[in-house]
Amino acid sequence: MKVTEGTIQQLRSEGTFLYDMSMINHFISCPSSYHKRHELGLMRNDLRLSTPLMFGSGIHRGIESWYANDKDDQQALEAFKLSFREHEEQPKLGKTGKELRAVYTLLFGCSLLTAYFNKYRGEVRTMMENEIPVAEELIEGIYLAGLIDKVFEVSGKLVFQDHKTSKYYQNFRLNPNGQFMNYKFLVQKLSGRKASGELDMLGVALNNGVNELLRREPFDYTEDQMREWRDSVVMWIKRMDSARELNQWPQSWNCEPYFKECQFLPLCTLPVSSARENLVQSMYHVDFWDPFSVE
Ligand code: SF4
């Protein structure tokens with residue numbers, strides 16, 4: 001089903017948990033960190049939104065606007081700039097004192113989007129959906145959620161598309177990929193039809209021409225692969241349920257995922273646990289995860 005704010009509230013009031021792949025990956029990475037972020041809703045007061053994440057979000061806003069407004073470039077570029085302007089990366093000084101060029105800038109984003117619009121302006125395909133929040137029941141009482149970027153009808157086939165912006169655009173793993181398998185599950189359940197996927201990559205690099213950074217790649221998973229994904233998701237969610245029942249959330253010491261320090265390090269390095277409550281009060285606030293937004 002397509003999700004509204006009301007749907008999430010209703011599921012929560014019925015005691016139904018709504019998971020997305022980010023939450024499941026968070027639990028796999030460190031149950032203690034998952035507990036603090038997703039069960040207690042803690043967020044560090046001084047946490048700044050990451051520039052690459054906000055750049056990706058701005059690019060999404062630009063492409064969403066382009067498709068929603070009859071491929072109007074100007075409106076789409078304005079949507080990108082509005083979303084990203086306050087997060088733009090500033091040049092830094094390198095070790096030798098020389099200024100290093102910033103990558104995540106308004107100028108680079110506009111060039112990348114313009115190359116994207118020029119490349120795909122003439123393509124013939126029918127857009128069925130543009131940025132849809134979806135939640136579907138995986139097994140009784142367990143709902144999976146995801147925000148699907150686009151769904152197209154291409155030569156009588158249903159294709160869901162996911163836009164990615166990444167510095168690692170040449171090495172992106174499509175198979176296995178828990179997030180994309182979740183999208184296939186959600187789109188097929190929502191539409192009642194078979195669907196395959198398409199990676200829509202907008203790479204991030206200063207040394208390449210922007211046209212070389214654009215890549216589209218189709219992908220799909222067999223029924224066996226989807227069964228294995230489903231069994232794995234169910235098993236991980238059962239472990240999460242069991243951790244909740246026992247109130248046991250072990251640390252896994254994966255404290256710098258994606259080269260970024262875990263926001264709960266001050267809590268895990270406290271010499272005396274009696275000081276914990278005061279530290280929570282002074283350094284964190286409560287803001288629960290919304291599976292349909294960026295963090
Ligand atoms: S600091 Fe390390 S051990 Fe503690 S919650 Fe974060 S990842 Fe887990």
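Helices H5 and H6 are roughly antiparallel to each other, a class that holds for angles over 145 degrees. Helix H5 (residues 73-84) and helix H6 (residues 106-120) pack at an angle of about 150°, and their axes lie 10 Å apart. Axes here are lines fitted to C-alpha atoms, for helices over the stretch in contact, with angles running from 0 to 180 degrees between N-to-C directions. The crossing of H5 past H6 is right-handed, meaning that the near helix is turned clockwise from the far one by less than a right angle. Helices (H or I, at least four residues) and strands (E, at least two) are DSSP runs, numbered from the N terminus.

The model is predicted: local features need pLDDT of at least 70, side-chain atom pairs count only at pLDDT 80 or more, and totals for chains, interfaces and linings use all residues. Residues are numbered from 1 along each chain as its sequence is written.

The 14 residues of helix H7 (residues 178-191) should span 20 Å at 1.5 Å a residue, and the end C-alpha atoms are 20 Å apart, in agreement. The expected span is 1.5 Å times one less than the number of residues. Buried residues of H7 include Phe180, Tyr183 and Leu186; a residue is buried if 20 or more other C-beta atoms lie within 10 Å of its own, exposed if 12 or fewer, and partly exposed in between, with C-beta atoms placed from the backbone. Pro176 is found in the loop between strand E7 (157-166) and H7, and the peptide bond from Asn175 to Pro176 is cis, with omega near -5°. After H7 comes Gly192, with a positive phi near 70°.

**The ligand shell**

Cys30, Ser32, Trp253 and Cys268 are among the residues that surround the ligand. Helix H3 (31-39) and helix H9 (265-268) are the elements that give two or more residues to this shell. A residue is near a molecule if its C-beta atom, placed from the backbone, lies within 6 Å of it. Trp253 is found in the loop between H8 and H9.

Two residues other than glycine are listed below with their phi values.

| Residue | Phi | C-beta neighbours within 10 Å |
|---|---|---|
| Glu131 | near 55° | 16, partly exposed |
| Trp253 | near 60° | 10, exposed |

Glu131 lies in strand E5 (residues 126-139).

Key. Parallel < 35°, antiparallel > 145°, perpendicular 65-115°, else oblique.
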